[in-house]
Amino acid sequence: MSERASPVTQPEEQHHPDEQHDEHESTADDADEHDSDATTEPTPTPVTTGAESVVRALENAGVEYAFGVQGGAIMPVYDALYDSEIYHVTMAHEQGAAHAADAYGIVSGEPGICLATSGPGATNLVTGIADADMDSDPLVALTGQVATDFVGNDAFQETDTVGVTTPVTKDNTFSSEPDRVGSDVSEAFALAREGRPGPTLVDLPKDVTNAETDREPDDPRVPDTYEVQERADPEIVTAAAERIENADRPAMLLGGGVIKGEATDVCREFAIEHEIPVITTMPAIGAFPEDHELAMEMAGMHGTGYANMAITHCDTLIAVGTRFDDRLTGGIETFAPDAEVIHVDIDPAEISKNIHADYPLVGDADTVVSQLAEAVDSSPKATKWRAQCQQWKSDYSMAYDAPKDEPVRPEFVVEALDEATSDHAVVTTGVGQHQMWACQYWTYTEPRTWVSSHGLGAMGYGLPSAIGARFAADDDQEVVCIDGDGSFLMTLQELSVAVRENLDITVVVLNNEYIGMVRQWQDAFFEGRHSASDYGWMPEFDKLAEAFGAQGYRIDDYDDVADTITEAIAYDGPSVIDAHIDPQANVYPMVPSGGDNGQFALTEDQL
Amino acid sequence: MSPKRGLEGPPPEERPTPAGRRNEQGIRIDPEVEATHEPRRTVISALVEHEPGVLAEASGLFSRRQFNIESLTVGPTTDEDRARITMVVEEPDPGIDQIKKQLRKLVPVISVRELAPDAMRRELALVKVDAERPDQVAAVADMYGAKTVDSSPETATFEVTGARQKIDAAIETFSQFGIREISRTGTTALARGTAETAGPGSATEVSSAETANQAQTYTQTQTDD
């Protein structure tokens, strides 16, 4: 259908990093700029149907890829897509389409697009949409719908998609006018990326997309009622700056908003200039280089001991773009209990939602941290505190034993993968123990290289997100999916897509034949009763991969690790490593649900 | 357990612990200014785009986020593209703050305001009572300024308007005759004088709402009757 090759074989990079910096200022004017190359091309043919108007809206917004699955009610849109330059990736399942589009959005900074038909197509998208909603990922979902005459009659493949997705979208629309349908899609695109990003959905009844119209879609623009505050109140900025200057134990807490708001550089500069230890939340992994001495890495339930000590004992917490999720805070009463909180967020509703903000700074992360940087005249005198943080880094080192005659430790596999890939390799994961090891033992240094299901915790996210990430990443960025056996089993049908599209991705299944995180909790809190968590048997994932036409590998002991990984990474196409790890390995440190971050357990008997 | 199921380092009991604490609303507990917010009843007015699904979106928000809502009314405004949602909520201050901010986040919501305690609040109730003692029933109706809407040999139905407390009182008094059915509209409200309720030009109160989280003493809002 399209003459465009898949990205692995494309000589040109799909995205230039510079393009991503203006995502927040981007307006309709910028959308024109994206198309500036296209001015030499022939003028596009006028639209004749609602469906063509939908596709034109995507083209005008600069969309290059879409992920989806065909079906009855969405057929008119797919028919219009047939003539478009937009490269459509047919996924095996709609959940895969939503996750792939979500990951595309994380890595590129531009909204990912997913399509599905009505009824089951739309409901299958819901997990991916909910994931994007929890993680504020820019995503546009286009769903087919039965013809408007049939809506409400329980027609074949009818679901109230707008009703089902209202709680998990930033905004959604039932598009009922052929003359409006393209503009509805433009607006959904603009809303997905502006302000705090999130998923939007446009429900497209078949008669509307089939209908004749010559209306070109409006430029992508948010509705007038949608207001975003860019700059924070200067008075509060001044007060916060004063607090930072006088802090004895300052710490920065970077959240996912730092990456989404393109505030990585300004946050790094600020922390380094004022020598403030930096803690990250899970979505912010990569916002601060983990090999820097100020890096305390991730805090929270499975955060590092030193991050949890720093966040518990700081007296000034500069929190940027975080919503203080319960997996980060643990029990509210013991969360940074001595700290005055400076909270920067673009969404006013996050201010004082979970943790009271002493200095509420509503605005764009990049803008507000720049305001703060300008207002802070002298660095806090915190020599003792910094030394204390370094001491914690050595007291609570993440080192582990790996006796060569024992089963392979998962941490070792993660470190070997990190070793075998470049600094800007993209890591995607499923959800569970493997995800935590991927957080803890890979040293991230760049934003948009960590792709995971944070808030929703959707198992099965890893493989489809690796596919989406592959389309957004540069050619020289490796894409590695660190998965668990349970997570991989949920969406492994998407291997067919990776093979069909010849995508250069490496899936490493940390296989312990358990739903490992549940097993760990059962050992700790349910007297070791392994109810429905002990598979005791798993398919041979390397052979399964080969049946799909991917390259399969297997790791059983330490001697296999380095060579297998090198070979799999070097393979130009999809490969799967079935890494049989120590089935008893657990994730530590651990703060039990609602616990005190400073009292993290290092071993099971400390829980 | 073998050490491979854990990490090395000082155990929890050997670690220093900070002296401070936060309350359940995430506010640092300052021994000198104890800030515990008690629920209070207030009226929030929102101007919204008059389009399908807005009411569902707003009410879905309340149930999803467990906001305690007492009544919710919706009706058109002078601008046919706009509707006004008026709700009475009972929450501690941080909750009220969240309601306002979360409502404002809904794309079809144009503006959100919490009304001042002296705002005009009115509710309408239809009260159907047994009409066995018509004179006494009429006297009670008169006392509350209730209008007769319908009467039959067995029943009389009155329309009572006023603040919630007045309607509560009227219903209480009517109950001596035997109430067959009642229907209440829920509170609708407007700001007094030149103050704007929630207009197209009025921003949400977010900036001032931030300060609402600071320790303050609030009194139960009074009705205006």
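Visitor: In what order do the elements of chain B run from the N terminus on?
Guide: This is a predicted model. Chain B has 5 helices and 9 strands. From the N terminus on, they follow the order β-α-β-β-α-β-β-α-β-β-α-β-β-α.

Visitor: Among contacts in chain B between residues at least 6 apart in sequence, what percentage join residues at least 24 apart?
Guide: Chain B has 225 residues, of which 34% count as buried. For its contacts between residues at least 6 apart in sequence, the share that joins residues at least 24 apart is 75%.

Visitor: What distance separates the centres of domain 1 of chain B and domain 2 of chain B?
Guide: The domain assignment places domain 1 of chain B at 28–115 and domain 2 at 120–184. Taken over C-alpha atoms, the separation of their centres is 30 Å.

Visitor: How far apart are the end C-alpha atoms of residues 43–117 of chain B?
Guide: UniProt, in an unreviewed entry, annotates residues 43–117 of chain B as "domain: ACT". This span is 32% helix and 41% strand, and its end C-alpha atoms are separated by 8 Å.

Visitor: What is the separation of the C-alpha atoms of A163(B) and D97(B)?
Guide: Along the chain, A163(B) and D97(B) are 66 residues apart.

Visitor: Which element gives the largest share of the side of chain B that touches chain A?
Guide: The contact takes 42 residues from chain B and 43 residues from chain A. On the chain B side, two or more residues each come from helix 1 (54–64), helix 2 (93–105), strand 4 (109–114) and helix 5 (206–212). By class, that side has 16 nonpolar, 12 polar and 14 charged residues. The largest share, 6 residues, comes from helix 2 of chain B.

Visitor: How far apart do the C-alpha centres of domain 1 and domain 3 of chain A lie?
Guide: The assignment for chain A gives domain 1 (16–210), domain 2 (234–395) and domain 3 (410–588). For domain 1 and domain 3 of chain A, the distance between C-alpha centres is 29 Å.

Visitor: Which element of chain A gives the most to the side of domain 1 that touches domain 3?
Guide: In this contact, 23 residues of domain 1 of chain A meet 25 residues of domain 3 of chain A. Strand 1 (65–68), helix 5 (94–108) and helix 6 (120–135) of chain A each supply at least two residues of the domain 1 side. That side divides into 13 nonpolar, 7 polar and 3 charged residues. With 11 residues, the element that gives the most is helix 5 of chain A.

Visitor: Which element gives the largest share of the largest nonpolar core?
Guide: This core holds 212 residues, and V77(A), A97(A), C114(A), C267(A), A310(A), V413(A) and V508(A) touch the most other members. Its largest share, 8 residues, comes from helix 5 of chain A.

Visitor: How many of the residues of helix 13 of chain A are buried?
Guide: Helix 13 of chain A covers residues 305–313. Its buried residues include Y306(A), M309(A), A310(A) and H313(A). The cover over them includes strand 7 (250–254), strand 8 (278–280), strand 9 (295–298) and helix 16 (383–395) of chain A. The helix is mostly covered, and the count of buried residues is 9 of 9.

Visitor: With which residues is A310(A) in contact, leaving aside its neighbours within four places in sequence?
Guide: A310(A) belongs to the buried residues of helix 13 of chain A. Beyond its sequence neighbours, its contacts are A251(A), P277(A), I279(A), M296(A), C389(A) and W392(A).

Methods:
Residues are numbered from 1 along each chain as its sequence is written. Chains are lettered from A and ligands numbered from 1 in the order in which they are written. This is a predicted model: local features need pLDDT of at least 70, side-chain atom pairs count only at pLDDT 80 or more; totals for chains, interfaces and linings use all residues. Domain bounds come from an automatic or database domain assignment. Two residues are in contact if their C-beta atoms, placed from the backbone, lie within 7 Å. Helices (H or I, at least four residues) and strands (E, at least two) are DSSP runs, numbered from the N terminus. Ala, Val, Leu, Ile, Met, Phe, Trp, Tyr, Cys and Pro count as nonpolar, Asp, Glu, Lys and Arg as charged, and the others, Gly among them, as polar. A nonpolar core is a set of buried Ala, Val, Leu, Ile, Met, Phe, Trp, Tyr and Cys residues joined through C-beta atoms within 7 Å. A residue is buried if 20 or more other C-beta atoms lie within 10 Å of its own, exposed if 12 or fewer, and partly exposed in between; C-beta atoms are placed from the backbone. UniProt positions are given in the numbering used here, feature names are shortened, and annotations may be inferred rather than shown by experiment.
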